[in-house]
Amino acid sequence: MPSPWCRPRRSRSSRSSASPPGPALTRLRGGGAGGGGGGGGPRRSSGGSRRAAAARRSSSSSSSSSSPEGPASPRRGSGRHPRRRRRSSSSSSRGRSRSSEEGAGSAGSSDFEGRRLLPRRSGSLAARQPQRRALGKAAAAAAAGPGPSSSSSLFAAVASGKSALESVVDDWLESYKKDRESGFLELFNFLVCSCGCRGVVTLENLKTLQNSEIIQQLTESFDEDSADYPLSLNTLSWRRFRAGFCEFVALLVHHAQYGVAYDEYLMDSLIALLIGMSDSQVRAFRHTSTLAAMKLMTGLVRVALSISLQKDNRQRQYEAERAKGPSRRAPEKLEGLLEQRKEFQEKQEELENLMNAIFKGVFVHRYRDLVPEIRAICIEEMGQWIQHYSASFLTDGYLKYIGWMLHDKQGEVRLKCLLALQGLYRSREMAAHMGLFTSRFKERMVSMVLDKEPQVAVEAVKLLTLIFQNMEDVLTDADCEIVLPLVYASSHPLAAAAGDFLYKKLLAPEVSVKGEGQHRECTRVCLQLLLVFFIESEFHDHAAYLVDSLWGCAAALLKDWPVLTGLLLEEPPVAGLDDRQESALIMILLASIRQATEGQPPVGRFSGKKVSSARERKTQAEDRLRLTQHLIPLLPQLLAKFSADAEKVVPLLEAPRYFDLTLYSTGRLEKYLELLLAQLWEVVEKHMDREVLEAASRTLHVLCRPEFTFYRRVDVARSRLVDRLADRFQQEASELLQASFLETDEAYSVAATLKRIAIFHSAHDLTPWHFFDPCIRLLQHTVDTGEIPKQVALSAMTCSHFSLLWELAHLSDAAFSGPSPSQEQLLSLKEKVSSFCALCQNCLVDVDPDIQEQAFVLLSDLLLIFGPQLARGGQAVLLQGLVIQAEPALQSQLSGFLVDHVFNHAQAPDTEEDEERQIEQLHQRRNLLAGFCKLVVYGVLELSTASDVFKHYAKFYSDYGDIIKETLNRARQIDRTEWARTLLLSLQQLLTQLLLEQGPAGVDSAAFLEIRDLARRFSLLFGLHQLQNRPALVALHKDGIRFAFQEPASPNSKLGLISLPFLELLSEFSPRLLPPDKALLLSYLKKTCQAHLSSSAGHGREPFWGSFTAYQRSLSPQEDAPVQPGSAARRRLRTAAKRRRLEESTEQGDASLPQTPLLTSTTLKGKHPLTVLPLAPEDSDSESEFVPRLHPMAAGEVVLEAPESEEEEEEEMQQQ
């Protein structure tokens, strides 16, 4: 026996053979429930009850039928299913071929020939506007009043959204009770209008035609201008219509449950109609009818649940009455309760037959429809059925459909499956009945946490959280290991869902403890568990991501700063809290402080929320005040305890940035400020690590704001600190410059002191201490003798650099707000900048690469700051004298450094470096390249110097492609002509280098193909703006032609025009030219060629005339010639003769010039690699070099031939 989870073996586009119709659907329309049922339907009634009910329905149908033919009529025989009826010849003749899109989603055995009257959805919004206007007009006409040519009054009420739907349903039920055929006709037309169909069904159609025939006629009433219909539109009005449509169906079932739902006409006819429409190949019919059928099923499920509860209640009352003694028992009451129970039983059986018909007739076929919206509707409603009526639907026969659709290709369908399952797993009672389903589909549900759709992954994590809560020992440790690392994901919703899972798994069992002392101990345990997870996850630099993920569910735990600091300050340390855990706890403490005060996700994690609400801002202010009050007294103690550990002291020094610092003065806490400054000085004295010193410098900068009342106190402390560093540096620098031999300890002391000064100088104005002059002397001594240690030289360069920037800041402030700076001040600063730049330029050739990189970075910054933009705008004209012009020698040195240190690493990679080190080096190289490119973009360096960058665009695209591309775009905006010449210079440099390294044979190598690919990429940068690029392109081609015909530098050289292959690169830019420019450049090419031929008479022949012919052809006007009729046929007839003539011409060395050259490089690059023409014999005359040569072809390779006339050339171009 096959497993209940086995998916039926049939394609989505086909249907299994139809089962006999349900007993409730064998009346007027003859439309039964079709298809095989995978779920088996709800619980069926007993045989006797079914026969009795069928007999009653048969008699009722016979008496109420308005057709003269009666139930035995062959047109609507009650025993035949409409899909088994043979189609009429007229219907078959009128049928159109099926659409590949619509036909795949419908049943294979439909009861009418499909007609594709709805074209595929157009991608243009404007193309869909007429249909939307038509639908709007239809809705307006329906709202104006019902009529035979307009939409029904029901559609008008639902589409307008102005009427209360309950009253609309009540009015329709009243009209239905008066004349049920007219009432059902109105409901029929409502469904037709909801599909966007303009057709109208009449009472005559309803009486004389089958459902399939009516639907066939309605398909002809569709508008073929657009594929839009009401449910497919996403505007506000039509979204409101969809909600109203669903509400109308639900209210219809709810109000009809007390009478007409059991009249054996309304529900039977409606379900038969919906089954027929859902079987249509027209998407609008399938989509609308499926939505109506599923909502109808949901309403019936709710009614069936109510009936079941009432039946059970009557059964309990009956049993309670029977349990009484004979004297107290009431026989009349027992008989009444038994009669009511039987009545409810019959109603329940009737409802189950109706639900079974909808399930087998609609759901079983539409849950795998081609349209994802239809599949999503089916799965969403099934989740509602199972959740509300679990007694009948919470079985494996129904759950398997949701499990199968977890593998759907569309994220929308997978999302609906997960949401449906969440409603089931949310209840522990329901989850207890889903053990088999969980064991079958658990692997799929766990894997969906890595789904490519972010929302699907989020809901999958939430589902697993519910499974973990309500089903014990289902998720293994291996399953949890897939979910838990997602707390570090870049998506905030996914990380938050994973954080909730982590909280429920590790922390929630410990949080339920009550009592103050127990609560504190519980928090300790939770934090220790969190520390273990954080350390074992090996993402030690991502504490902010972990805290952000847990903030939504564990904010109270993470904001328990007394417990956090208590764990860190306890003496002796808490059992089990080792050094790594202390470091992790400090990082979590800082992350929680930051999250509480700012409320923003960490860098790299995106969230949809942008602006904090007023309530959130108020909470952040309260948290800031609370943590400030708690941490101000404790921060000096924490620094004193961990001051020797650099890893722990850096996060602690960052904490004051999030304090409410005014509390030092308003709360009279100045003594703790003094303790903090003392600990800050101790940290500076103990450490030389850059991170520690930078953190101390930032903290001191935060405290030294003039708006604080304690500014004077902090400024005095800072001055004392700098005084001690300055005195020490002056003494040590003098000894260093005078000493003939330098001890290691002395060098270390100088380097440490100068490093502290340089780092503090970056955030604080230390110009009153005049550090520039001694630093310049150290640098000069380094350049002259090379005896200064590397660390001293690096710190001296950094300190001098910041001294210059602080002086410039003072002069700029004076130029804009205060008295104008004097000429002496400007000249003094200009001299300092010039001397420092000269020293840095000398350091570019230093043997130490670190000094070279530092010199390059500082030079780039100074040239940019003191560049031409310094004197632009307002009072900045006064600073004109400070502008520095980069000399050509300096520009060459900067370009050379870039080539050696940025574009040279791929030639000798260090395979022993770990991945982290390689990423760090790549980041450093990108910074160097970005600094150079900024100099080009801002006009500090000439645009031509960027050729050393542009020529590496293709080779290093994976590492620097974004930077180089942005530089190309910015440079194009500066000067298009000069930019084009720079691109040309890049190609010239590459070709020259190739010829120098490999000689003329280099044109045959793969390196030449790479150069040509770079030329193609450059040509794409010109875009479609031909008029804007016209002068630049013409200048590029002319310069390229002159370069190609440039004579060798040596007058005795016998190589000839070795640069002639450059024309082949130039041909890549030809498609961007306008036809007049092509003619102009072709004439210029011929003149240049004739001038060369006349001046080189008697010289050796040139080996690369194939490139010339390729470029000549790219400029030929025949490129745009139209196709001549019959050209392909004529070409096929002459192919063999042309090949023979061309081979003979090749063997004899014919010197006549052909009308057309070989194919251009643009055509060749898509076929096969370039092949270079072989050298001709030396004794042949020069004109013979224009003759195209045939190369040996590999097996199966296409032979390219040169056409013999202009007509053949046109034919060949069209064939290619």
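This is a short tour of a predicted model, stop by stop.

**Stop 1: the whole chain**

Start by showing the protein chain as a cartoon. You will see helices and no strands: the chain has 49 helices and zero strands. Now think about burial. Of the 1216 residues in the chain, 50% are buried. The accessible surface comes to about 56,200 Å². Carbon and sulfur atoms own 51% of that area.

**Stop 2: confidence**

Colour the chain by pLDDT. The mean is 79, and 75% of the residues reach 70 or more. Select residues 9–151. Here the pLDDT is below 50, and the stretch has 287 contacts in the model beyond near neighbours in sequence. Then select residues 1119–1216. The pLDDT is below 50 there too, with 134 contacts beyond near neighbours in sequence.

**Stop 3**

In soluble globular proteins, nonpolar side chains tend to be buried together. The largest nonpolar core in this model has 329 residues. Which helix gives the most to this core? Select residues 283–322: this is helix α11, and it contributes 13 residues.

Now pick Y425 and F1045. These two have the most contacts inside the core. Stay with Y425 and look around it. Leaving aside neighbours within four places in sequence, its contacts include A431, M434, F437 and T438. Also among them are M445, L463, L466 and I467. N470 and M471 complete the list.

**Stop 4**

The model holds 34 aromatic pairs. One of them joins W238 and F241. Show both side chains. The pair is edge-to-face, with 5.6 Å centre to centre and 80 degrees between the planes. Both residues lie in helix α9, three residues apart, about one turn of the helix.

F245 is buried, as F241 is.

**Stop 5**

Zoom in on Y401, then show K400. The charged end of K400 sits over the ring of Y401, 5.8 Å from the ring's centre. Jump to K1038 for another lysine over a ring. K1038 lies over the face of Y1084, at 5.6 Å from the ring centre.

**Stop 3: K347 in helix α12**

Select residues 331–366. This is helix α12, and K347 lies in it. K347 has 21% relative accessibility, so it counts as partly exposed; the cut-off for buried is under 20%. Which residues does K347 touch, leaving aside its neighbours within four places in sequence? They are Y262 and I307. Now draw a distance from K347 to V303. The two are 44 residues apart along the chain, and their C-alpha atoms are separated by 9.8 Å.

**Stop 7**

Go to the loop between α8 (211–219) and α9 (236–256), where E220 lies. E220 is partly exposed, with a relative accessible area of 39%.

Move to R668, in the loop between α28 (663–666) and α29 (670–686). Its phi is near 55 degrees, a positive value in a residue other than glycine. R668 is exposed, with a relative accessible area of 73%.

End at H770. Look in the loop between α32 (744–763) and α33 (772–785). Phi of H770 is near 50 degrees, again positive in a residue other than glycine. H770 is exposed, with a relative accessible area of 57%.

How values were computed:
Residues numbered from 1 in each chain as written. Heavy atoms only, no water. Core = buried A, V, L, I, M, F, W, Y, C linked by side-chain atoms within 4.5 Å. Buried < 20%, exposed > 50% of the residue type's maximum accessible area, 1.4 Å probe, protein only. Helix = DSSP H or I, 4+ residues; strand = E, 2+ residues; numbered from the N terminus. Contact = heavy atoms within 4.5 Å. Phe/Tyr/Trp six-rings, centres within 6.5 Å; stacked < 30°, edge-to-face > 60°. Lys NZ or Arg CZ within 6 Å of the ring centre and 35° of its normal. Areas by Shrake-Rupley, 256 points an atom, 1.4 Å probe, with all protein chains shown as cover. pLDDT = per-residue confidence, 0-100.
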